[in-house]
Amino acid sequence: MVDDDVRHPVIVDTDALISVANTELWPRITDKLQLTTTNVCYHELERHIRENSEYAPDGTRERWLQHGSKIALEPFEDDENESFTTVPCVPRPHGEDAGEKSVRTEIEQDTELYRFAILMDKHGRRSINRVFDRADGTPGKAVAPTFLLYLLLDEGECTVAEFCRACGDLLHGEGWTGHQAVQAAWEAIPVDCSEYLSDDLLP
């Protein structure tokens with residue numbers, strides 16, 4: 001990994017990277033989109049790989065974390081891939097929500113460079129949206145991980161059916177199936193997935 005100064009308009013935290021990397025659309029995201037994360041999120045992904053067995057049974061949380069972290073890291077580790085960049089967070093936060101905090105710190109320091117911050121935690125999104133709101137003339141917004149899949153759809157790089165099914169896989173895989181989580185997942189996404197998903201996964 002090389003820390004650098006290239007900051008793409010979309011910054012993604014650890015949980016969002018894992019959730020989207022576990023979908024079938026991840027290869028297209030790595031080919032077509034440009035993302036930035038922080039060195040703190042990068043190290044959290046490394047920790048998930050170390051602490052979770054690659055031989056964990058399919059369908060388990062351990063398998064989801066290990067597999068998602070492993071494939072999420074690959075484009076950031078590829079020195080020839082300039083579309084996925086890692087930026088240093090100073091001061092470096094510690095603790096359970098360190099990755100999410102590092103994204104907020106990065107946005108506080110370079111607000112005008114970012115259009116979307118992608119993370120699932122409701123309080124984290126609210127906190128980052130307050131940072132965006134305080135910055136005059138900055139259209140930035142904190143959104144849920146499903147929005148990263150929507151960006152792919154918006155670029156014409158997947159079909160509506162593929163998008164909807166990937167969103168369903170993401171929500172099921174992460175266990176984000178409660179009412180509030182589902183509502184958050186579809187916020188800012190103008191797509192009707194009722195043809196492809198059950199009602200419990202729709203807003």
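A residue is called buried under 20% relative accessible area, exposed over 50% and partly exposed in between (1.4 Å probe, protein chains only). By that rule, buried residues make up 54% of the 203 residues in the protein chain. This is a predicted model: local features need pLDDT of at least 70, side-chain atom pairs count only at pLDDT 80 or more, and totals for chains, interfaces and linings use all residues. Residues are numbered from 1 along each chain as its sequence is written, and side-chain values use heavy atoms, leaving out hydrogens and water.

**Fold**
- The protein chain has nine helices and five strands; helices (H or I, at least four residues) and strands (E, at least two) are DSSP runs, numbered from the N terminus.
- Their order from the N terminus is β-α-α-β-α-α-β-α-β-α-β-α-α-α.

**Extent and contacts**
- The C-alpha trace of the protein chain spans about 45 × 45 × 30 Å along its principal axes.
- Contact means heavy atoms within 4.5 Å.
- Of the contacts in the protein chain with a separation of 6 or more, 72% join residues 24 or more positions apart.

**Asparagine 52**
- Asparagine 52 sits in the loop between helix H3 (39-51) and helix H4 (61-77).
- Its relative accessibility is 14%, so asparagine 52 counts as buried.
- The side chain of asparagine 52 reaches the backbone oxygen of histidine 48 at 2.9 Å.
- Beyond its neighbours within four places in sequence, asparagine 52 is in contact with Glu62, Leu65 and Gln66.

Note on methods. Polar contact = N/O pair within 3.5 Å; in protein donor to acceptor, adjacent residues only side chain to side chain.
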